[in-house]
Amino acid sequence: MVNFSSILRLTSVVWFWSAFTQAAPSEIIQRQGSSKLVFCHFMIGIVSDRTSASDYDSDMQRAKSLGIDAFALNIGVDPFTDTQLGYAYQSAQTNGMKVFMSFDFNWYSPTSGAQAVGAMIAKYASQPAQLTVNGDVFASSFSGDGLDLATMRSAAGVPVFWAPNFHPGQSDFSQIDGALNWMAWDNNGDNKAPTSGANVTVQDGDTSYINALAGKPYIAPVSAWFSTHYGPEVSYSKNWVFPSDLLWFNRWNEILTLAPQYVEIITWNDYGESHYIGPLSSPHYDDGNSKWTNDMPHDGWLDMAKPFISAYHAGATTVDSYITSDELIYWYRPTLGSLDCDATDTTMVAANDASGNYFEGRPNGWQTMADSVFVVALLTSPGVVTVTSGGNTQTFNAPAGASAYQVDMQVGQQQFSLTRSGQSVLSGASLKDISSTCICGIYNFNSYVGTLPAGASDPLAPDGLASLTAGLHVSTCSATPSLGTAPAAASSVNTGVPGVNPPSVISNTTAIGAGSQVLATSSVGTSVIASAVSGPTAVSPSLPATGSGQACIAGTGPGNYAGLCSFSCNYGNCPSEDHDCKNLVPIGARVGRFDAKPDFAKLAFGKLKAWGSAQRENASRALPKAKPSSTAARVVAVNQLKKTAKGDDKLTADKRVYLYVEAEAATAAAKFPNGTFFYSKDWAIGRVLDAAAKSLQVANVNNQSTDEAEKLRVFHVEGGRLLDFNEKVGDVLVSGNKIVLLRGVGPAVPDLIVIED
C-alpha cells in the first residue's frame, strides 16, 4: 500500500482561480441522487493551517466546475482534524458540494479503532454537506482490513454506507456495502513498479474487486501519475515510481467502458507522491516535496478530465460528444531518464527504510517510465497536431474527439500546434524546457503539464516552498517559482456591433517570467495583452553584463541571499557579488519596468546583505536561522512562536498570523531589534508596518514624508520581495514567516504590466 504521512501541512494562503465555471446547484443535486458519482481524494492531514471555511472555497469551486461530486476527506488522528473537517463541511455546503470521511488506517487502528471511527461518523452525520446513499451516511477508508464493523456501526448510531479500501481475500466483503480499490497503477503486487515476472494491472484489480463485491458498488480508482523522492532529509524516506505515461488518458477511457457505480480520483492534493491534479497554489506546507513539485503544475489534467467526467455521468462509452472546444494537453518529465544525477542527488546515501520503499539514486521502477512527450488532443473537428521536442518534430492527423500521441523527448524547447486547412488554430511553446542538467541536483520523475490555450499561472506559495533547499547537495537552487506566466485573456475590442466582439488573439507576445516564454498565436484578430506577472519582467539597460553580450535577470544566492537576490533582480539590478545568475538574456532586450530604479536595488541589496551578515554574527539569539527542515519541527516552531508573540488580545485565534519581525541596522538607531508578534490576517501591510515600527521603537515618518529615502518598507524574507502597503496579511504571509523593516529602498514592484506589440 501507499503510505501517507499525516504530518504534512498546508498554509492559509487562499488560492484564487478567476475563470472557473460552476455547474448549477440543481445539476449537482441531480448527479448526487443518481447511480454514478465521481469522488476525489483530499488530504486533510496537510491543511492544518487553514483558518476558515473560505480557505476551502477555491478547491470546492474548481472541483465542482469539473463535475466532481464529492471530496473523500482523508483523515488521521491529528488534533486539528475536527477543526479542519468543520471548515471543509461548511465550505462544501456553501458551494453545493458533498464530502465524506475516508479514515486513514496508517493512523487509526483496525484492531482497536472501531469505536473512534464510529464516533467520528456520528459527529458529522447530520451535516448538510455529508454524502448519503439512500439515506445512509457514506464513509470510506485507506486500508483498514480487520476493522470490527459491528462496533463501528454501533458507535455511529446511524445507518452507514461503509465502502472502505479493504482488500479481496483479507476482509469479509459480505459485511461491507461497497469497496475502494486504491491501486490505480500497474504494480508488482507488492506496492512497487511491475517487473517482467510480476505485473498486476489496474484492470486485474478491477476484476478482483468486482468479483469480491458480487454486485455491490465498486469505487474504481483513476490516477494520472506516481513518483516520490524523499531522501534522508525527512523521516519518511521513500523513492519509487509506478508506470504512468498515458495512464490518465487510457484509464478514463477504461472507466467509460467499465462504467462502475463510483469513481475516485487519486488525488487532489497529495503533492509528495506527485498524483495531485489540484493546483500547486492550493494552500499547503512543504514537507520536502517542493524539490520535485516546484514549477510542475498539473492543472491541465483537470481540463482533460472534464469531458470524460461528463460522459461518465451520462453513461456514455465515448467522450467525443462532450468536447465543446479545441484544446491540447501535454505532459512530460523535466529530464531524460538517462541523465546521471548520482553526484548530487539527495537519495544517494542510506536513509530510514522502515517502509521498505526507500531506494538510493534513481527511483525504483524508473525504467517503466518512457522518455516521451505525451499529448492529448480534444478536438471539435479533425485537425493536424504537430509536436516538436528539441529537434524532433512529429505531425499527426487527429480526428474529432479525444486522441493521444507520444513523441520521443529531446532536450530543449517543447512546441505544440493545431492547424486546420493550413490555418493555425492553436500554437505555442511550453513554459518549461527539457533540461540537460539535474534540476536542483536531483532525479525528478514528476510530470510537467501544460495546455493550449495556455492556462493561468499556478505557482507554489511561500510555505509550499519552505523545505525546497533542505538536504540538497547543490547551492544553485532557489526556493522560488521560476516559470513565466501564460498571457492573460485578451481584452475586449469593440466592433461597433452590439454584443459582438472579434475572436481574441495573442500574437508574438512573450509572457515574461524568470527565464521562460510562451508564444501563442491565432489566425484572426488583434488585441492588447494585460499580463499579471511575478518576478522579473523586463531587462534594464543597467543590468550587469556577463561578458558574453548577455545580462542577468534572475538568480539566487547563499542562505538568506536567495530571497535578497530575487528582490534585487525584481528592481532591474541583479547584484554582481554573492549572486548566482539563473537567467541570461541578450543585452538590449525589451526594457520597461515602469519606473524601477536600479539605485534603489543596489541600496536595498546592501542593506539586506548587512542584515544577513548580522544574523550570522548574532547566532546566539532565539530567532530561527531558517525554517525547520521537517514538517513536525515547523509545527513545533510555530507553536513556540505562538507562546512568545505579542499582539492585540482581542483578535480571535482564527484571525492571527504569527511572525518574526526584525529591523535592518540602518533602520534603527541602536542594535538589530527583533521581536515576535501576531497581527490580523485582515490587516493591510501598511498597518502591520506601523504596529511593528511602534513595537520595535523604530522611527516611522511614512505619513509625514514623501521622500522614499526616509520611508520604511516591509521585506518578506521567504517571499524574497517587498510587500505593498495595500496587500492583506492573509494573502501574502503565514504563521512562522519573517519580515524585515527597511528604510529607503523604494516602493514595491508593481504586479501588473501592460505590453503592447
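Student: Which residue is the bridge partner of Thr386 in β17?

Tutor: This is a predicted model, in which local features need pLDDT of at least 70 and side-chain atom pairs count only at pLDDT 80 or more, while totals for chains, interfaces and linings use all residues. Residues are numbered from 1 along each chain as its sequence is written, and side-chain values use heavy atoms, with hydrogens and water left out. Strands (E, at least two residues) and helices (H or I, at least four) are DSSP runs, numbered from the N terminus. Across from Thr386, the bridge partner in β17 is Ser417.

Student: How many bridges join β14 to β17?

Tutor: Strand β14 covers residues 383-389 and strand β17 covers residues 414-420. The two run antiparallel, and the number of bridges joining them is six.

Student: In what order do the strands of this open sheet lie?

Tutor: Two strands pair if DSSP finds at least two bridges between them. The sheet has four strands with antiparallel pairing. Its edge strands, β15 (392-398) and β18 (423-429), each pair on one side only. The order is β15-β14-β17-β18.

Student: Is Ser421 buried or exposed?

Tutor: Ser421 is placed in the loop between β17 and β18, and its phi is positive, near 55 degrees, although the residue is not glycine. Buried means under 20% relative accessible area, exposed over 50%, and partly exposed in between (1.4 Å probe, protein chains only). Because its relative accessible area is 80%, Ser421 is exposed.

Student: How does Ala259 count by its relative accessibility?

Tutor: Ala259 is another residue other than glycine with a positive phi, near 50 degrees. Its place is in the loop between α7 (247-258) and β11. Its relative accessibility is 35%, so Ala259 counts as partly exposed.

Student: Why do the buried residues of α5 lie on the same side?

Tutor: In helix α5 (residues 149-156), the buried residues are Leu149, Met152 and Ala156. An α-helix has 3.6 residues a turn, so residues three or four places apart point the same way. The arc is that of the directions from the helix axis to the C-beta atoms. These residues lie on the same side of α5 because they cover an arc of only 60 degrees around the axis.

Student: Which elements do the buried residues of α5 pack against?

Tutor: The face turned away from the buried side of α5 carries the exposed residues Ala150 and Ser154. Contact means heavy atoms within 4.5 Å. The buried residues of α5 pack against α4 (114-124) and β6 (160-163).

Student: Which residue caps the N-terminal end of α5?

Tutor: A polar contact is a pair of N or O atoms within 3.5 Å; within protein, one must be able to donate a hydrogen and the other to accept it, and residues adjacent in sequence count only if both atoms are side-chain atoms. Here a side-chain oxygen lies 3.3 Å from the backbone nitrogen of Ala150. The capping residue that supplies this oxygen is Asp148.

Student: How many residues has the largest nonpolar core?

Tutor: A nonpolar core is a set of buried Ala, Val, Leu, Ile, Met, Phe, Trp, Tyr and Cys residues joined through side-chain atoms within 4.5 Å. Among those with the most contacts inside the largest core are Phe71 and Trp248. Its largest share, eight residues, comes from helix α9 (residues 299-314).
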